[in-house]
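Hello,

Here is the structure we talked about. My notes on the interface follow it.

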2 protein chains.
Amino acid sequence: MNTPHIIDGKSVAATVLDECRAEAAALTAKGITPGLAVVLVGEDPASQVYVGSKARTCAELGFHSVKIELPASTTQEELLEVVRSLNADRAIHGILVQSPPPKHIDEEAVIRAIDPRKDVDGFHPENVAKLVLEDPTGFVPCTPAGCMRLLESAGIQTNGAEVVVIGRSMIVGKPMALLLVSKKSNATVTIAHSRSKDLPGICRRADILVAAVGRPEMVKADWVKPGAVVIDVGINRVEDPSKKSGCRLTGDVAYQEVASLCSAITPVPGGVGPMTIAMLMKNTLQAARQLG
Amino acid sequence: MNTPHIIDGKSVAATVLDECRAEAAALTAKGITPGLAVVLVGEDPASQVYVGSKARTCAELGFHSVKIELPASTTQEELLEVVRSLNADRAIHGILVQSPPPKHIDEEAVIRAIDPRKDVDGFHPENVAKLVLEDPTGFVPCTPAGCMRLLESAGIQTNGAEVVVIGRSMIVGKPMALLLVSKKSNATVTIAHSRSKDLPGICRRADILVAAVGRPEMVKADWVKPGAVVIDVGINRVEDPSKKSGCRLTGDVAYQEVASLCSAITPVPGGVGPMTIAMLMKNTLQAARQLG
């Protein structure tokens, strides 16, 4: 039985946050306090938790932070007006509108309204293009950026590696594939998805397997080449009567049966999850540095 | 010995051009004559040939066309001023600055200066992002758009197919991979490149192999799975003493040894090559339609 390296996302995230704290102090000493604005429309409980945790992390790192909570009845134009005033606010370097907004909001239009230099989520077309063009002044979406940092921290070589990314979303799958195939990473990258034929066989080729598909424990033992590195981006809530809450979190990977096959693997929770917010802080610092 | 279907790019391009001619006439009847401006800086002979052929095709289709030839000494600011005046010109729907410009020109900045609604090359960040976001109002770069049309015309299914794209350029490899992995095409796509390990083995998995790497006859018989479809994007000039000109054109695929293995293959010349200009005309029509 192989003992895999469990990639500890909490610990790597803590290191990233320490770096951020130090850099925030250095910037503040120069008169630039990094500032993040988080906008929440409506009362979605999960979103409220995320937004609260972002604000708390800002406070811990010495960032300036603004939390704007708007009622679910906020109109598109009112939301755009909030974004525009944040674009103009010199104390704010990063702007994030918590997803998903209420159904009557055109999220695409809201993202486009954010000044791309403050788009720390990396979803603005300007930053999407910079990712494709390998322009380091762009903002990389936080979750794939976090996965890259986990690979790096675990000393995993991407150069020449065969990587399979399951999932083709704009938030994880596509940016992850683009990062891995870039001249900096040099991986051979396959983008697979729910419509792929023989998904297990495709995944079995991978030296590095990234699961970002949102289906609980889809990746089984026979999907994984012995010795592979597995990065599990999924965060799925499944029923579990044995838990007091009646449910538990699980990834896209059947961890129990897969882990012993791997050379390294990220757990859920405690793997990719904690990295997302850490990379958001990194992006906010990058924005503060670039905007000056 | 298998007889492959030779995908006739000249014939498919002629069909595309016929469609363009008909649509140009219909638009012109509505008072909108599609207009393309091609800007050439310097006296590169190959570029002069390309620009001449674009202007000639416009004339044949009933497009309005403007050819702007500037001396190699043109400054960045002078070139940007030309682009700005074309952006403002209501008779012009498509603007193309022939690549490569002289070394003192910042090509990236010139592309950014083009109104993205007139960027018929599809290189502006706005159109790069639209490709990633699968927004059909964007312009798809002409060569990968031409490859997609060749696949379609030959009745080749991409849905669920394993595709390998060799090459990760912004002009062909990356956009081709993004088109193939989109929800419209649903292929499983591997992006391989010069740094990939075991490139022949990776290519041998492909149901559809797209070679866009710019190395003459790199893809040999043992790189190709019997029955595969091969799309050869390479146009390489190699020495050939048996020719009067002393050279001949060849693709990235060793056609002589590969063709008999394939179910379908594009020749060089006469495969992908003629499609590029045809798709440029398609893009110019799309611009004319969208700008009105």
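Six salt bridges are found across the interface of chain B and chain A, a salt bridge being a side-chain nitrogen of Lys or Arg within 4 Å of a carboxyl oxygen of Asp or Glu. In one salt bridge, the side chains of E126(A) and R112(B) meet at 2.8 Å, N to O.

This is a predicted model, in which local features need pLDDT of at least 70 and side-chain atom pairs count only at pLDDT 80 or more, while totals for chains, interfaces and linings use all residues. Residues are numbered from 1 along each chain as its sequence is written, chains are lettered from A and ligands numbered from 1 in the order in which they are written, and side-chain values use heavy atoms, with hydrogens and water left out.

Across the interface there are also 21 residue pairs in polar contact, both residues at pLDDT 80 or more (a pair of N or O atoms within 3.5 Å; within protein, one must be able to donate a hydrogen and the other to accept it, and residues adjacent in sequence count only if both atoms are side-chain atoms). On the side of chain B that touches chain A, α4 (107-113), α5 (125-132), α7 (173-181) and β6 (188-192) each supply at least two residues; α5(B) gives the most, with six. Helices (H or I, at least four residues) and strands (E, at least two) are DSSP runs, numbered from the N terminus.

In contact (heavy atoms within 4.5 Å) are 33 residues of chain B and 33 residues of chain A.

Strand β6 (residues 188-192) of chain A is joined to β6(B) by three bridges, and the two run antiparallel (strands pair if DSSP finds at least two bridges between them). T190(A) stands opposite T190(B).

Regards
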